[in-house]
Amino acid sequence: MSKPDISLIPGERIESRIFFVRGKKIMFDRHLAELYGVTTGALNQAVVRNKSRFPEDFMFRLTKEEIEVFKSQFVISNRSLIRGRYVPYAFTEQGVAMLSTVLKSKKAIQVNIQIIRTFTKLREMIASNAELRKKLDNLERKYDDQFSAVFKAIKSLIIEKDVPKKPIGF
């Protein structure tokens, strides 16, 4: 029996569609639909039919203010965020995981696995940077001013790495 091919989509493509809203990493319905190979309408219809599986911490609609922030922050047109008269759904990591229970195609399951792995990778990267900063702060407190220039240089390298060179979506 052959293993399913779960490397359908480059990780960067998924990462570029993950945004930070309300203190959570989210993906928009239209981006998820594109990755799953279904229409946004079909994805949203499956979600609405299974509304009880998607509480507010799994999925929510953006407010007009949040849409304005996206328009100004990412130079996204209102039209690319809003299709017709519907405001997009935003799915948290848990909501994306729940999508695999309502979208049952093989491709949807494989793509879902990839998306969850990408969320996990991002969480690990954020945690490792936080741990590194904490260790540097502890070392800085431990040693005299003689090493302050070294610590400043190291911190500037870390901070520079945290700022993406090109927008990846969050």
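**Close-up 1: Tyrosine 89 and phenylalanine 91, tucked away.** Both tyrosine 89 and phenylalanine 91 are buried (buried means under 20% relative accessible area, with a 1.4 Å probe and protein chains only). For phenylalanine 91 the relative accessible area is 0%. This is a predicted model: local features need pLDDT of at least 70, side-chain atom pairs count only at pLDDT 80 or more, and totals for chains, interfaces and linings use all residues. Residues are numbered from 1 along each chain as its sequence is written, and side-chain values use heavy atoms, with hydrogens and water left out.

**Close-up 2: Phenylalanine 54 meets phenylalanine 91.** Searching the whole structure turns up 3 aromatic pairs (ring centres within 6.5 Å; planes under 30 degrees apart are stacked, over 60 edge-to-face, the rest tilted). Here the ring centres of phenylalanine 54 and phenylalanine 91 are 6.0 Å apart and the planes sit at 85°, so this pair is edge-to-face. It links distant parts of the chain, 37 residues apart: phenylalanine 54 is in the loop between helix 3 (40–49) and strand 3 (59–61), and phenylalanine 91 is in strand 4 (residues 89–92). Helices (H or I, at least four residues) and strands (E, at least two) are DSSP runs, numbered from the N terminus.

**Close-up 3: A cluster of Phe54, Tyr89 and Phe91.** These three, Phe54, Tyr89 and Phe91, form one aromatic cluster. Phenylalanine 54 is buried too, at 3% relative accessible area. Between tyrosine 89 and phenylalanine 91, the ring centres are 6.3 Å apart with planes at 55°, so that pair is tilted.

Notes
Buried < 20%, exposed > 50% of the residue type's maximum accessible area, 1.4 Å probe, protein only.
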